[in-house]
Amino acid sequence: MFRNLVTSCLFKHPCNSTSSLATFHRLSGALKQQLAINDLPADCPQLPPCEFTPEEYKFLSEQQMMEIRKRYCGPTTMVNTYYKKPVSIRQGFMQWLWDLNGKRYLDFFSGVATVSVGHCHPRVNAAAKKQMERLWHTTNIYLHSPLHEYCEKLAALFPEPLKSVYLTNSGSEANDLAMLLARLYTGNFDIITFRGAYHGGSPHSVGLTRVGSYRFPVATGLGCHQTMCPDVYSGIWGGSHCRDCVVQADRKCSCTSGSCHAKDMYLEQLKDTLNTSTSKSVAGFFAEPIQGVGGVVQYPKGYLKEAFKMIRERGGVCIADEVQSGFGRTGKDIWAFKAHDVIPDIVTMAKGIANGFPMGAVITSRDIADTLTRALHFNTFGGNPIGCAAGSAVIDALLEDKLAQNSTEVGTYLLIGLAKLQSKFEIIGDVRGKGLLIGVEMVKDKITRKPLPNVEMDQIFEDCKDMGLLLGKGGVHGQTFRMKPPLCVTKADADFALAVFELALKRHEKRQ
Ligand SMILES: Cc1ncc(COP(=O)(O)O)c(C=O)c1O
């Protein structure tokens with residue numbers, strides 16, 4: 001009974017309801033500490049209302065989990081470093097997460113841009129449950145309806161000739177397979193990616209990844225080369241008209257209409273890489289249409305189109321890594337490559353594909369796919385019936401709930417709100433992105449554009465979390481806040497996020 005009383009009190013977080021303030025004051029000091037809300041500012045913005053009530057929590061305590069984690073979990077995850085006070089999650093619904101104490105959070109990171117249509121989206125849950133009761137597992141050596149329904153549905157979202165689908169377990173595996181396809185099809189070996197790109201952590205895909213913090217001192221990625229990332233904010237070149245975003249970089253631009261100096265200079269860098277680092281013929285070029293882990297970096301308009309041409313002239317194929325940017329995250333186009341006016345030869349995807357169920361995919365032309373028949377290629381779980389059922393329901397939800405359109409609408413609203421904050425705060429260097437793939441690059445000052453020190457980033461990050469907003473971090477120096485909520489968020493949620501972020505920045509100013 002005591003536990004029930006505590007639980008019901010704990011749900012009444014002062015951020016959720018002012019009327020519950022009295023209840024909060026009646027809690028014991030220990031409980032307040034448990035809630036970690038002593039430090040909340042009096043003017044903490046109020047979370048938008050939510051009708052959903054999570055189940056009673058009957059599982060491991062935070063302390064028990066930390067103990068187990070110390071003893072039995074490999075020390076590779078970031079839980080000890082991501083937040084000073086770790087967040088323990090008990091349940092999720094749509095854009096909301098609840099912690100063990102019942103505190104509600106607006107999830108603006110979606111488990112790293114992975115929950116696409118909303119936590120436990122009823123349609124996806126129902127489809128997965130139904131399939132689970134029918135058949136959990138069989139492999140793609142048999143005909144089974146969920147796999148075939150899914151491949152047809154996915155292919156319908158792509159233009160010709162992208163109609164041959166392979167299903168994998170993850171984004172890294174999808175990129176491994178795309179590397180293999182590129183090499184088999186072209187007969188070439190060299191692959192090019194951008195510095196600052198993240199394409200996975202498997203032994204092959206980590207060769208594509210060029211963020212130092214993800215690289216171990218072991219031999220990896222034979223034949224993988226990097227070129228300069230065409231980052232129009234913190235790169236060498238960039239101006240005020242370069243990118244496909246409602247907010248432009250705060251840099252001077254002297255380009256005449258129809259020309260982009262930054263684009264031309266970054267393409268020169270790619271040419272230089274081709275002339276100095278690779279053999280005459282290359283296997284391929286991997287690019288995210290908008291970089292995710294790298295800090296939501298957007299390239300100059302027209303860059304990818306010309307880069308693809310250059311790579312194809314060298315015999316290579318062009319691979320769009322849509323692991324993070326796909327499935328409506330960047331808005332109504334569904335695929336972020338479309339805004340670059342290109343059709344890639346291969347597209348890889350994962351993350352949002354099945355709303356969190358482990359799954360990935362590669363889509364390519366029949367010509368390229370046919371090269372894989374030279375040997376047997378098999379994976380046990382690729383095309384798992386539950387994953388395919390969840391994936392089909394994600395596409396249905398995306399289309400029927402018009403979530404890609406919502407991503408454009410709420411994302412644009414958020415970008416404009418963030419740009420207003422940028423004009424108020426010296427430490428917001430850049431606001432960028434498209435749809436609900438948004439980055440806010442934090443700097444020491446707007447002149448030098450040097451990264452805001454990690455300790456200051458962490459304080460702002462922690463403050464936002466304490467006020468009920470979960471963000472992500474990215475960029476080569478960890479200097480960019482990443483906002484990638486489930487695509488079902490509303491403008492009211494965006495207003496809450498903006499208010500929390502603004503307050504956290506004001507608190508940062510006071511600390512200086
Ligand atoms: C763009 C991109 N590609 C590939 C991957 C690797 O995906 P996974 O973690 O599913 O292996 C990620 C993961 O963050 C990613 O962001």
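How many Å separate the centres of domain 1 and domain 2, taken over C-alpha atoms? In this model the separation is 30 Å, where domain 1 covers 2–107 + 403–511 and domain 2 covers 126–225 + 279–400, with bounds that come from an automatic or database domain assignment.

Before I go on, a word on the source: this is a predicted model, in which local features need pLDDT of at least 70 and side-chain atom pairs count only at pLDDT 80 or more, while totals for chains, interfaces and linings use all residues. Residues are numbered from 1 along each chain as its sequence is written, and side-chain values use heavy atoms, with hydrogens and water left out.

Let me turn to the interface. Contact, meaning heavy atoms within 4.5 Å, links 22 residues of domain 1 with 23 residues of domain 2. The two domains bury about 1,700 Å² between them, 57% of it on carbon and sulfur atoms; buried area is the accessible area (1.4 Å probe) that two parts lose on being put together, summed over both. On the side of domain 1, A404, K434 and L437 supply 31% of the area buried against domain 2, more than any other three residues.
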